[in-house]
Amino acid sequence: MIKLEVVYKSFGKRVLFKDLSLEFEAGKTTALLGPNGSGKTTLIKILLGLVIPQKGRVLFNGKETKNNSLYKKLIGYMPQIPEFPENLTPMEIVRMVEDLRGEGAKRLEEMLHLLRLEGEMTKRFINLSGGTKQKVGALIALAFDPPILLLDEPLVGLDPVSALRLKNFILEEKKRGKTIIYISHIMSEIEELADRLVFITEGSIVFQGSIEEVKSSTGKDRLEEAVLCLLS
Amino acid sequence: MLTKLIKYELYDLIKSKWIVGLFLFYLLVNYILIALGRDFKKAIISHNNISLITLTLFSVLLSANYLYNNRNFIEFVLTQPIGRSSMFSSLVISLSISIATGYSLGSLLPFYYHFGMETLYIKILILNIFLIPLFVLLGLLSALFMEDKLKGLGLSLFLWLFSTALYDGIILYLILIFSDYPIEKPILFLTLANPIDLIRLVALMETGLYEVMGFVGRWLAKYLKELWFIPSLLSLFYTFILMLIGLYTFRKKDF
């Protein structure tokens, strides 16, 4: 269970989250939706301890995350734009993360094959294409088999085959009972993957519930239309 | 955890090759200094004057630039089970080690080749090396305080200029304004409060040129002849203060 309690975050004069409280159920896939700049990525960064709220608490399995970095061992994070040391190769990056986490990448071989990265592991990160960098980001997030996945637009920038493979993999992980928090703007993807939606605009939650609930509350049959209705 | 982080940062820094550039710069500068004069003491004084300006400048700029260029990597490391204090400390240590390596190798080799092993240049190198973490921290703090890279680099340049030149200018101005008053002791205190000035003085003292320094020189020769390492202690003291500020700022920083 991941919980945010009365979180307040502002950047200068701009208040992003005003006393935001939210729960992510264990074993469920939650999609974070909202227009650009609504605070989805910042919310994920608060969960990761990258952004520090001025007030409020973040709890992982009932324990507060403040001044404690060990809970991050439970998380696999795939950022929108993965950036690693430019001069290291993907294999060196994997070894580095293994070293920092103090555990081996249990599913390395499986992920290398799935993402078709075998031939790229000895090239310097700076020399990789955008899509391959994205795959390295996925590899690092998933190869350690963590129980919680935070995925920020994971399929953007991937070729169609890799995107399909990765989407199927995420579906498998969902079936295995992982807690997944997912950011995407592609509604078909969300319909396929998410159990629950959290719709954020300007730092406030305007809706949270299942896909069926959003459709019935807006009276729309299609998720795109329901989302448009929430936006307006 | 700290040692693991230092290991990977050093590995990345070595691969980025600017340490090699630093090494070649000091190798060339020192070779020219020695070849031009062929006088050991003159070469040491010139080396010290150049190092106090360039080494502090490289330290402040390279570290500020490193933080801006590697922000995403730092962000990535912080998504792993790593404490922020360890991350910041590792940045300071790995940047300091890499700059110190380039500087000491580039300086040591030409002096050793021409004059053999002499304690004088070893002392000067040690004094200068102790300035590196201090200026690395100034660079990192500038980058932490300023989101905008240009402003951050501007701030780090200002801090460097203040420490290496403006501070002396202010002291001279004070001497001029208060020339009718007995200000020797406050001026001496102000001079001793700046490790860069103190290293300059120690270098002159160690090479026997303290007579040219007037009151401060005579005072130093009288009391500090055996205490050549005092500037290093002063640098360590400032480094400690800046480290505390840096750790506090880094813990509160949003990435």
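Reader: How do the elements of chain B run from the N terminus on?
Author: The model is predicted: local features need pLDDT of at least 70, side-chain atom pairs count only at pLDDT 80 or more, and totals for chains, interfaces and linings use all residues. Residues are numbered from 1 along each chain as its sequence is written, while chains are lettered from A and ligands numbered from 1 in the order in which they are written. Helices (H or I, at least four residues) and strands (E, at least two) are DSSP runs numbered from the N terminus, and chain B has 12 helices and zero strands. From the N terminus on, the order is α-α-α-α-α-α-α-α-α-α-α-α.

Reader: What percentage of the contacts in chain B between residues at least 6 apart in sequence join residues at least 24 apart?
Author: A contact here means that two C-beta atoms, placed from the backbone, lie within 7 Å. Among contacts between residues at least 6 apart in sequence, the share in chain B that joins residues at least 24 apart is 79%.

Reader: Is B:Tyr8 buried or exposed?
Author: B:Tyr8 is found in helix 1 (residues 2-16) of chain B. A residue is buried if 20 or more other C-beta atoms lie within 10 Å of its own, exposed if 12 or fewer, and partly exposed in between, with C-beta atoms placed from the backbone. Because B:Tyr8 has 22 C-beta neighbours inside 10 Å, it counts as buried.

Reader: Which residues of helix 6 of chain B are buried?
Author: The cover over the buried residues of this helix includes helix 3, helix 5 (84-115), helix 7 (131-145), helix 10 (195-206) and helix 12 (230-252) of chain B. Within helix 6 (residues 119-129) of chain B, the buried residues are B:Tyr121, B:Ile124, B:Leu127, B:Asn128 and B:Ile129.

Reader: How many residues has the largest nonpolar core?
Author: A nonpolar core is a set of buried Ala, Val, Leu, Ile, Met, Phe, Trp, Tyr and Cys residues joined through C-beta atoms within 7 Å. Residues with the most contacts inside the largest one include A:Leu32, A:Ile93 and B:Ile99. Helix 3 (residues 40-69) of chain B gives the most to this core, 11 residues. The number of residues in the core is 122.

Reader: Which element gives the largest share of the side of chain A that touches chain B?
Author: The two chains meet through 20 residues of chain A and 19 residues of chain B. The chain A side divides into 12 nonpolar, three polar and five charged residues; Ala, Val, Leu, Ile, Met, Phe, Trp, Tyr, Cys and Pro count as nonpolar, Asp, Glu, Lys and Arg as charged, and the others, Gly among them, as polar. The largest share, five residues, comes from helix 2 (residues 90-101) of chain A.

Reader: Which residues of strand 8 of chain A point the other way from A:Thr179, A:Ile181 and A:Ile183?
Author: Strand 8 (residues 179-183) of chain A is mostly covered, with five of its five residues buried. A:Thr179, A:Ile181 and A:Ile183 point one way, and those pointing the other way are A:Ile180 and A:Tyr182.

Reader: In strand 8 of chain A, what is the bridge partner of A:Leu149?
Author: Two strands pair if DSSP finds at least two bridges between them. Strand 7 (residues 148-152) of chain A runs parallel to strand 8 of chain A and is joined to it by five bridges. Strand 3 (residues 29-33) of chain A also runs parallel to strand 8 of chain A, with four bridges. In strand 8 of chain A, the partner of A:Leu149 is A:Ile180.

Reader: In what order do the four strands of the open sheet in chain A lie?
Author: Strand 1 (residues 2-11) and strand 2 of chain A run antiparallel and are joined by seven bridges. The edge strands, each pairing on one side only, are strand 2 (14-24) and strand 5 (63-64) of chain A. The pairing in this sheet is antiparallel and the order is 2-1-4-5.

Reader: What is the phi of A:Asn61, about how many degrees?
Author: A:Asn61 is placed in the loop between strand 4 (55-60) and strand 5 of chain A. With 12 C-beta neighbours inside 10 Å, A:Asn61 counts as exposed. Although A:Asn61 is not a glycine, its phi is positive, about 50 degrees.
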